[in-house]
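Hello,

Here is the structure I promised to pass on.

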Amino acid sequence: MNQINSIQDEIIDEFAFFGDWMEKYEYIIDLGKSLPLIEEQYKNEEHLIKGCQSQVWLHADESEGKVDFTADSDAVITKGIIALLVRVLSGQKADEIAQADLYFIDKIGLKEHLSPTRSNGLVSMVKQMKMYGLAINAKSQ
Amino acid sequence: MEVTAQQAFDIEKIRKDFPLLEQEMNGKPIIFLDSAASSQKPAQVIDRLNDYYRTGHANVHRGVYQLSQEATTAFEEARELVRQFINAPSEKEVIFVRGCTEGINLVASSYGRKFINQGDAVLITAMEHHSNIVPWQMICEERGAELRVAPVNDAGEIDLDALYALLDERVKIVSLVHVSNALGTVNPVKAIIDRAHELNVPVLVDGAQAIPHTQVDVQALDADFYTFSGHKMFGPTGIGVLYGKEKWLEQMPPYHGGGEMIKTVTFEKTTYNELPHKFEAGTPDISGVIGLGEAVKYMQSVGYDNISRHEHELLSYATEQLKQIEGLRIIGTAREKASVVSFIVEGVHPYDLGAILDKLGIAVRTGHHCTQPLMARYEIPGTVRASFAFYNNKADIDALVAGINRAVLMLK
Ligand SMILES: Cc1ncc(COP(=O)(O)O)c(C=O)c1O
């Protein structure tokens, strides 16, 4: 199993402990505080993924075919979910990022936050992360 | 007198008319505070739709057979109900459209192509819904006209002096919202209409948020156009009304072409049907119209006096209770308000607050409420908006306040 999936399974296990939604959200909000933040210099229009509701900034760095993500959001729940996505995808191989099936979102009950109607920038962010994976992979071949 | 009116309004009985209010959301009894986006429907409307499809459906204005004639009668009776409801002088002036958005687009496009020319202007306000901005931008661009925007003050009221200063003979139409969906402000539309009429400028009123809460008399207002959506007034989605004075509607070209709106068609020349059919091309939303008629009847049975009194109580109660929350700022503090409270909590993003309230079973709207320029005016990304209908009660507001307190503890 690749690392992406083992991290996803780890997260699913963690979330299995929570009794209700409030506990889950408290945990997610906490996770947001540990998100590797995007450097101020990148927190600009170019790195902005605009949602109707909340905004997301995303930056990617590559080294040796692996991609490191840093990000931020103006909403803390969005930020916590980004922290989960970054935990799963950051530092992984570009081609694996591009092909990742992010099943953990559904399993931990956060699917609604990644629905386009929420319009919080997360859907576009996942797309963008995969695009980075694709582009870096293409370049390295 | 006062006492009898109050007795007639039994909130618990009314709540029972709305099946959705008995549902759960995220495993919690639903607290529905998003009626400004779309209201819930009483069983009377739902049953009427069901009935119509089970026993009364046929196309209207066409068949010689009984079923079609009955459908036509029901359809036209609903038009008469709407006419009385807004006190329009004639049924010719009551046009069925898909909703407020289509009503505005119809006028912008049809009136615009006839009356707006190079160098003319259209006057709107800074608190308009996107649906009362974009259609005017489109026609202004097409016709080479200017879009003027009257500013709004800090309390969320139109700056009337500024509006009157922008109102000159170049303005070909004024289009403004009766009640703001984002702020709750009730605008002094009558005064603005009178002023515009001094210059013979017609006025369109976006009544989407007014009709569910206040009695509207288009003749007393002397509005040239008045439009609203059925789904915000306890009726079905996909149906709405455009009232227009006959003198304008007669002069305006049709909006859509097709069946129903014609008198005779040859390849050389088509002559158009009479009002209101001239503006109702194609098979109309028959069930929607019939459902809307039922919603009108339902609202009349509750009574605007009761609706206004109950909702004003709710509004002052909510405003008082919300103000107790530390760091909470109400956006929109106009003297005249209808059932909307928009707010932000310092240090808390509206999206986060909305997401947590959702899990507590509380439905509120978060975001810019389709009024991005207005949010820019207040330099905020959006607000949380709680909006009420007459089926809400104080317990709903208590739940909201408790929910916000809980969410803020988590988020700060
Ligand atoms: C003030 C106002 N105008 C227009 C509209 C558009 O109504 P509809 O989407 O039903 O056409 C709305 C709906 O949110 C509104 O609140």
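Below are some notes on its aromatic rings.

This is a predicted model, in which local features need pLDDT of at least 70 and side-chain atom pairs count only at pLDDT 80 or more, while totals for chains, interfaces and linings use all residues. Residues are numbered from 1 along each chain as written, chains are lettered from A and ligands numbered from 1 in the order written, and side-chain values use heavy atoms, without hydrogens and water.

Over all chains, the search found 21 aromatic pairs (rings of Phe, Tyr and the six-membered ring of Trp, with centres within 6.5 Å; planes under 30 degrees apart are stacked, over 60 edge-to-face, the rest tilted). Phe15(A) and Phe18(A) are edge-to-face, because their ring centres are 5.4 Å apart and their planes lie at 75°. Phe15(A) is buried at 4% relative accessible area, and Phe18(A) is partly exposed at 21% (buried is under 20%, exposed over 50%, partly exposed in between, with a 1.4 Å probe and protein chains only).

In chain B, Phe18(B) and Tyr298(B) also pair edge-to-face, with centres 5.7 Å apart and planes at 85°. Phe18(B) is buried at 0%, and Tyr298(B) is buried at 5%.

Lys43(A) has its charged end over Trp57(A), 4.7 Å from the ring centre, and Arg377(B) lies over the face of Tyr378(B) at 4.8 Å.

Best wishes

Definitions and conventions. A charge sits over a ring if NZ of Lys or CZ of Arg is within 6 Å of the ring centre and within 35 degrees of the ring normal.
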